[in-house]
Amino acid sequence: MADRKKGRKRKEEYPDPNEKPEKPSKEEYEVAKWLRNNVPVKKTKFLNHNVQYFTGSKAVDALLASKWGTSQKEGTEPFFPTREHCIDFLDDMLRHKFFHRAKKVAVTEDMLRSKKKKPDEKEKKSEKKDKKEEKDEKKDDKSKDEDIAESSVAEGKNQEISENEDERKKKKKKKVRLEMHMEQYFADTLDAYVWIYDPIPFHYWLFGTLVVLAGIGMCLFPLWPPQVRMVVYYLSMAVAGFLVFIIALAIVRFLIFCLIWMLTLGTHHLWLFPNLTEDVGFFASFWPIYHYEYKGGDTSTKKKKKKKEKLSDNEEESENVQETTDSMKNVEDTNKNSEKEDNDEEDEGTKGGDEAGSGSESENSSQQSQTGRDFEIVDRSEVETQ
């Protein structure tokens, strides 16, 4: 096998100018179509192009399980009796440019960061702050999670928390980037092989032929039968009338909008068939029939302002009423106080006669001051003699 691969490499490096390139056989085309439809493929980018690739081991397994890998009749050998035959056949397909070998390179976060520009010092500081904040948030989240776990243990909710943690800890799918492999040969491994062979689907051919036939038929319109020409004529007139109707409707709706907008000074907006010129379906362009908007200011704000003004007026009236009531109360209190003083003076006058009869007792009697303390009135001569 090694000698064979070396010989192929030499042929590829130093091809003979007189040799004609080998054409792929019909069997290779059949196998290629079958592999395109039955072997699972993945999509990725290769040299800024969206491509599809498959793995070599899966292609070999699929061929061995196909009709070419099993004997259709008793006593006959299959087309691919062993894995080595499959590998040799796929190697020939690779040389005939049905696909080429590529190398998988796992895309890491460091590779994505290296592509970006180097951040400035300010950006670095901001990133450091963000990292610190993220760490603090993670700590807070951890503490919160611990508290929640403790409470859930008390309540018997360990199963729900474990399920949520398992969902969060699911592994993310690794991103893969393809690069051209320097050794172009087929191997029964997990290497990627990018499809070059892309057959045109059958319905593409069908639609293409129908378009060509329709064009030729329109060119032969003068040769059509008279009845068919009359039907086509009326149909074309109906389509033209419908297009004219749509254009006239668009002009009318615009004029109506402009008239209402000018008469209401831009406060009322009315559109007939608002979806007529929008990128929607045929039936959706005629629904709704109209759309109305009022843009003269929110009525709710005006109502709120009026309510606030009424409330302020009511508050002022209530304050005036309270002032009048307070003044009336003050007048009543002054009248009551004056009446009490008059009564007190009369009581003092009646008590004055009784106090005149007992003069000595009044001098030695104790009196209560306004401060609430007791004191005695004493003659100065008595104090000096003492």
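**Note on the predicted model**

1. Start with residues 231–264. Their end C-alpha atoms lie 49 Å apart, and the span is 97% helix and 0% strand. This is a predicted model.

2. Now residues 202–224. Here the end C-alpha atoms are 31 Å apart, with 78% helix and 0% strand. An unreviewed UniProt entry places the feature "transmembrane region" at both 202–224 and 231–264.

3. Next, a helix pair. Two packed helices are described by the angle between their axes and the distance between the axes. Helix α2 covers residues 26–38 and helix α4 residues 83–95; their axes come within 11 Å and cross at roughly 95°. That makes α2 roughly perpendicular to α4. From α2, the contact uses E27, E28, V31, A32 and L35; from α4, F89, L90, D92 and M93. These residues divide into 6 nonpolar, no polar and 3 charged.

4. Then the aromatic rings. The whole structure holds 21 aromatic pairs. In one of them, the ring centres of F99 and W195 are 5.7 Å apart and the planes stand at 85°, so the pair is edge-to-face. F99 sits in strand β3 (residues 99–106) and W195 in strand β5 (residues 192–195), so the pair ties together parts 96 residues apart in sequence. Both F99 and W195 are buried. Ring pairs also link F99 and W195 with F54, F186 and Y193 in a cluster.

5. Finally, F282 and F283. Their ring centres lie 5.3 Å apart with planes at 85°, so this pair is edge-to-face. F282 has 47% relative accessibility and so counts as partly exposed. F283, at 71%, counts as exposed.

Definitions and conventions: Residues are numbered from 1 along each chain as its sequence is written. This is a predicted model: local features need pLDDT of at least 70, side-chain atom pairs count only at pLDDT 80 or more; totals for chains, interfaces and linings use all residues. Side-chain values use heavy atoms; hydrogens and water are left out. Axes are lines fitted to C-alpha atoms, for helices over the stretch in contact, and angles run from 0 to 180 degrees between N-to-C directions. Helices (H or I, at least four residues) and strands (E, at least two) are DSSP runs, numbered from the N terminus. Angles under 35 degrees count as roughly parallel, over 145 as roughly antiparallel, 65 to 115 as roughly perpendicular and the rest as oblique. Contact means heavy atoms within 4.5 Å. Ala, Val, Leu, Ile, Met, Phe, Trp, Tyr, Cys and Pro count as nonpolar, Asp, Glu, Lys and Arg as charged, and the others, Gly among them, as polar. UniProt positions are given in the numbering used here, feature names are shortened, and annotations may be inferred rather than shown by experiment. Rings of Phe, Tyr and Trp (its six-membered ring) pair if their centres lie within 6.5 Å; planes under 30 degrees apart count as stacked, over 60 as edge-to-face and the rest as tilted. Buried means under 20% relative accessible area, exposed over 50%, partly exposed in between (1.4 Å probe, protein chains only).
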